Amino acid sequence: MTDEHLNFSVNTETAGRRLDLVVVAYAPHLSRSRAQALIEDGHIRVNGETVKQRHKLREGDTITVNEPSPIPSEVAAEEIPLTILFEDEHLLVLNKPPGMVVHPGAGNQSGTLVNALLHHCNELSGIGGVERPGIVHRLDKDTSGCLVVAKNDAAHRALSTQFAERETTTKRYLAIARGVPRVPRGKIDAPIVRHPVDRKKMAVAAPGKGRSAQTLYGVISTFQHATGLCALIECRLLTGRTHQIRVHLKHLGHPLAGDAVYGRGGDGFPRQMLHAWKLGFHHPVTGLPVEFCADIPPDFARLPLDFTQYEPV
């Protein structure tokens, strides 16, 4: 796999913005953290010079991105069963079980989705700096449901662009919330920012701060749990911020059941009750719209859920 090169000039609209943010806008296959790492290592330059990620750009500046070839993955392939909803030569869509970590990390070097994918697939996309990770988007460890994986870089770029622009993608989640929202259907429009104290958490930002975050929601049904009244809610993401649904439902006053970070732990639920139910996008090669649905997981199915009055948000 060879190095990737990209050149572009700063126009009036992007002048004055930070380098890392502009790079991500022009190269949506790069995550912000990946772009920052490339800037730090000198692989992204402005007018041929190395600069800091917070460097403010001027109109006419030339940005050069030289993304090095992915380094070989040191993650071991493991024969772990996967529930595959769709697969072809370009991508696969799977139903991730709750409790499975997507990427290996500290304390999670085995048993992850990447370990399983390396055994299942001969090739995966190398975008992101490590050869063959293939991950286009992520789900939290305790979130179940639909996840798409790219098998090659072309598919990864096309899918990443779609997920960044959100014009051809849909993400619908099922959430079990504590209590019942007073307004049964609506839109949560609350920017999200990194928590000022706990850097592992996110929070709703003060006015004029943070990144735009919008979630459509609708109460499907309610039920009485041993620990109190709960609601089955559909959430449709209009943006894709870290922990968006978890933060927005807390902001609404009805945090996810079982969410020990944004709600309260020890409430009788086995995990944060969030399921990536339906995922739609345009196939990166055929261009045809596709949609996938992940079966409701057993811990949801054991609850008295009622879909008879369901209307999509």
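The model is predicted, and the values given here are computed from its atoms.

**Helix 3**

Helix 3 spans residues 113-120, and because six of its eight residues are buried, this helix is largely enclosed by the rest of the structure. The buried positions are L113, V114, N115, A116, L117 and L118, and what covers them includes strand 5 (91-96) and strand 6 (144-150). At the start of helix 3, T112 places a side-chain oxygen within 3.4 Å of the backbone nitrogen of V114, a residue that is itself among the buried ones of this helix.

**Helix 5**

Helix 5 covers residues 244-252, and its buried residues include Q244, I245, R246, V247, H248 and L249. After helix 5 comes G253, which has a positive phi, near 95°.

**Aromatic pairs**

The count of aromatic ring pairs comes to six. One of them joins F163 and F281, whose ring centres lie 6.5 Å apart with the planes at 40°, so this pair is tilted. Since F163 belongs to helix 4 (residues 153-165) and F281 to strand 13 (residues 274-282), the pair ties together parts that are 118 residues apart in sequence. F163 is buried, at a relative accessible area of 8%, and F281 is buried as well, at 1%.

Another pair is formed by W277 and Y310, with ring centres 5.3 Å apart and planes at 65°, so the arrangement is edge-to-face. Here W277 lies in strand 13 whereas Y310 lies in the segment after helix 6 (298-301), and the pair therefore ties together parts that are 33 residues apart in sequence. W277 is buried, with a relative accessible area of 8%, and K278 lies over the face of the W277 ring, at 4.4 Å from its centre.

The two pairs are set out below.

| Ring pair | Distance between centres | Angle between planes | Arrangement |
|---|---|---|---|
| F163 and F281 | 6.5 Å | 40° | tilted |
| W277 and Y310 | 5.3 Å | 65° | edge-to-face |

Which residues do ring pairs link into a cluster? The cluster consists of F86, F163, F281 and F292, so that the tilted pair of F163 and F281 is part of this linked group. Strand 13 thus contributes to both of the pairs in the table, through F281 in one case and through W277 in the other.

How values were computed. Residues are numbered from 1 along each chain as its sequence is written. This is a predicted model: local features need pLDDT of at least 70, side-chain atom pairs count only at pLDDT 80 or more; totals for chains, interfaces and linings use all residues. Side-chain values use heavy atoms; hydrogens and water are left out. Buried means under 20% relative accessible area, exposed over 50%, partly exposed in between (1.4 Å probe, protein chains only). Helices (H or I, at least four residues) and strands (E, at least two) are DSSP runs, numbered from the N terminus. Contact means heavy atoms within 4.5 Å. A polar contact is a pair of N or O atoms within 3.5 Å; within protein, one must be able to donate a hydrogen and the other to accept it, and residues adjacent in sequence count only if both atoms are side-chain atoms. Rings of Phe, Tyr and Trp (its six-membered ring) pair if their centres lie within 6.5 Å; planes under 30 degrees apart count as stacked, over 60 as edge-to-face and the rest as tilted. A charge sits over a ring if NZ of Lys or CZ of Arg is within 6 Å of the ring centre and within 35 degrees of the ring normal.
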